[in-house]
Each structure stands twice: as C-alpha cells, then as structure tokens.
Amino acid sequence: MKGVTLQQLRVFTTVAKHLAFGKAADELCVTQPAVSMQIRELERAVGLPLFDREGRRVSLTTPGEYFLVYARRILATLKDAEDAMARMGGIEYGRLTVGLVSTAKYFLPRLIGQFLIEHPGIDLQLAVGNRKTLVEMIQRNEVDLAVMGRPPRELSTRVEPFAPHPSVIIVSSDHPLNNHERLSPAVLVNERFIVREEGSGTRAAMEKFFRGHNLRPAYAMEISSNEAIKHAVAANLGISFLSIHTLKLELQAGMLKILDVEGMPVVGCWHVVHALSKTLSPAAEALRYYLIEHGERFLDSEFHDLYPSRMKASA
C-alpha cells in the first residue's frame, strides 16, 4: 500500500462515518469531487474496493470495514504523537477536536469562541452528534474532549460537571394548559409528546422523569432535531421535553411557553468528559479548565432570565 497518505485516511474515515460523500465534503471543507478523487486514489493504492456505491447510497465493503479499523488506529496514534510533542514543547498549539451533543451546540460555540480569543494558537474543530454517537467517538479516540449532559457509564472516563442543565416541558403559545399553575405531572398522560430519538441524552432524561412519576405518555412522533421539534410544538402538533438551553430565541419571541409542572425543571449537569486512558495535550487541558472555571457563569448570564422562578430562587 505504498503511497497512502494521511489525508486519504482522514477522508476515508470521514466518508465511513457519514456514509455520504457530500456530508464528508462539508465536514472536511472541500468539494465532493475532491473527496471522490481521494477515495479513488486510496482504493487504487489498497488494491481493493472500500465502498459500494449504488446511486446515492454508500456502504462499506468487507475490506473497507477491516481497513477502517486500521485507519482509525493510525490517525489516533498520530494524534497522540502530536499531543506528546505539544506537551514537551510546553505550549498551546495544534489541533483540538471537541465532541458535543446536539443540545450543547446552542451555547458551546460562543463559549469556545471566548476561549479561542485567549488561546489563538489552537486550531479547534467541533464534532456534533447525539449521546450515543459521542460515546462511540470517545471510544475510538476521535475527540480530545466531549461535552454532554449524561456521562457514559459504559466507558472508563474522567467526568467533571461544569454547569447546571435544566430541561422543561414546552407547549405552543396558545396551548390551553398555559393558564394553569403547578400542574400535576399526571396531566401529561393526556398530551401527545414529540420526542428525541433513542440514544439522545434528552430522551433518556425525559423517560427517567416519566418513570419517576409512573407515567407513560403517548409519543406522537420521534424527531432527531431540536429545531424540528420546536417548530412542531409551535404548530400544535404536540408538546415536548427539551433542554432550556435550546429555547432562548423561541421563548423570547413568544412562540413557545414553558409549562408549569410539579417537579420541573429537571436539572442535570453539563459535563466535560475524556477517556481515562487519554493524556490530554496542553490545549485540551486549557479548554477543560476554561469550561470548569467559566461555563456556569457564562450559561447563567445567557439564560438566567429564562429559567423558571423556582430554579432562580435556588440559584
């Protein structure tokens, strides 16, 4: 396999992650023809087809599945080498990949933007997915740090909370329950819920709340996008359970309302997580400390006015 380049391996693993050349091109900030060319050259060097292509459908061949294991291992080893050199140099530079659950994308980019003002030598990339996807990325050493609400129990990780993470029941602005205070959770069984997909932390937190009150509300539909859920709730297609950190614009515009339910908000924590076996680079350590030191204050300044009164009183 002479002539295989690291760039080809990065392109290959990205296409394998999305199983779509277009999405891989978007993530890599290159054109789709450039991705196709890199994959063709890699397959020529390997001497075997790595992907099956049927129209727009892309899947890994059996050789591709085997090769993916080694490609990820090579890239992870290279990243470890970069981190080791950075530690020896005692400076903060180089690439840093941060994974985040999709709910965190509503605040984390702004918080990281402030961090990068103080650390301009760091080249930082964000990788967004649901909780299940993020756990897999930690396991494969594809991210240096991860930000999530519910930390993984299935992996050996270092987990540190840095800010409260409240979730609430939302309804449309003209929903009949808006005029009621201190509703019993039991009334929710009469509502149709629009829920996040299996594997998301939001779905897990919602179902834990329901189990705690011996409730089994009807699920009207399952949607993997917070944005789509908010639009569906505003259109009176149902109600939902979401993180308040996803709701700032809609609450300020009056499109959605927070339902006053006993036992709400459900307050968890945002955590910064990394694999216990991973030795962090100076850049990753700097960001970890920054989130722990500044994360709670930042979120409070951004969202305090939206928090339910019971949560403000306890703050």
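**Notebook: loops, helix packing and rings**

I began with Asn236, which lies in the loop between α8 (226-234) and β9 (240-243); helices here are DSSP runs of H or I with at least four residues, strands are runs of E with at least two, and both are numbered from the N terminus. The model is a predicted one, in which local features need pLDDT of at least 70 and side-chain atom pairs count only at pLDDT 80 or more, while totals for chains, interfaces and linings use all residues. Residues are numbered from 1 along each chain as its sequence is written, and side-chain values use heavy atoms, with hydrogens and water left out.

**Backbone entries**

I noted that Asn236 has a positive phi of about 65° although it is not a glycine. I then looked up its accessibility: Asn236 is partly exposed, with a relative accessible area of 43% (buried is under 20%, exposed is over 50%, partly exposed is in between, with a 1.4 Å probe and protein chains only).

Arg182, also not a glycine, has a positive phi of about 50°. I placed Arg182 in the loop between β6 (157-172) and β7 (192-195), and at a relative accessible area of 40% Arg182 is partly exposed.

Which peptide bond did I find to be cis, with omega near 0°? The bond from Met264 to Pro265 is the one I wrote down, and Pro265 lies in the loop between β10 (256-258) and β11 (266-275).

**Overall entries**

I recorded 11 helices and 11 strands for the protein, and a C-alpha trace that spans about 70 × 50 × 35 Å along its principal axes. Of the 315 residues, 46% count as buried. Among contacts with a separation of 6 or more, residues 24 or more positions apart account for 75%, where contact means heavy atoms within 4.5 Å.

**Helix α3 and its partners**

I next looked at how α1 (residues 6-18) packs against α3 (residues 32-46), and found an angle of about 110° with the axes 9 Å apart (axes are lines fitted to C-alpha atoms, for helices over the stretch in contact, and angles run from 0 to 180 degrees between N-to-C directions). The two helices α1 and α3 are therefore roughly perpendicular to each other (under 35 degrees is roughly parallel, over 145 roughly antiparallel, 65 to 115 roughly perpendicular, and the rest oblique). On the α1 side I listed Gln7, Gln8, Val11, Phe12 and Val15, which meet Val35, Gln38, Ile39, Glu41 and Leu42 in α3. By class, this contact of α1 with α3 has six nonpolar, three polar and one charged residues (nonpolar: Ala, Val, Leu, Ile, Met, Phe, Trp, Tyr, Cys and Pro; charged: Asp, Glu, Lys and Arg; polar: the others, Gly among them).

I turned then to α2 (residues 21-28), which packs on α3 at an angle of about 105°, with the axes 8 Å apart; that makes α2 roughly perpendicular to α3. Phe21, Gly22 and Ala25 in α2 meet Gln32, Val35, Ser36 and Ile39 in α3, and I sorted the residues of this contact into four nonpolar, three polar and no charged.

Not counting residues up to four places away in sequence, Pro49 touches Glu43, Thr61, Pro63 and Gly64. The C-alpha atoms of Pro49 and Leu60, 11 residues apart along the chain, are separated by 8.8 Å.

**Rings and charges**

How many aromatic pairs does the structure hold? I have seven in my notes (rings of Phe, Tyr and Trp, the last by its six-membered ring, pair if their centres lie within 6.5 Å; planes under 30 degrees apart are stacked, over 60 edge-to-face, and the rest tilted). Phe209 and Phe210 form a tilted pair, 6.1 Å centre to centre with 55° between the planes. I checked both for accessibility: Phe209 counts as buried at 6%, and Phe210 is buried at 3%. Ring pairs also link Phe12, Phe21, Phe51 and Phe67 into a cluster; of these, Phe12 is in the α1 contact with α3 and Phe21 is in the α2 contact with α3.

I looked up charges over rings as well, taking NZ of Lys or CZ of Arg within 6 Å of the ring centre and within 35 degrees of the ring normal. The charged end of Arg288 sits over the ring of Tyr289, 4.5 Å from its centre, and that of Lys248 sits over the ring of Phe303, 5.8 Å from its centre.
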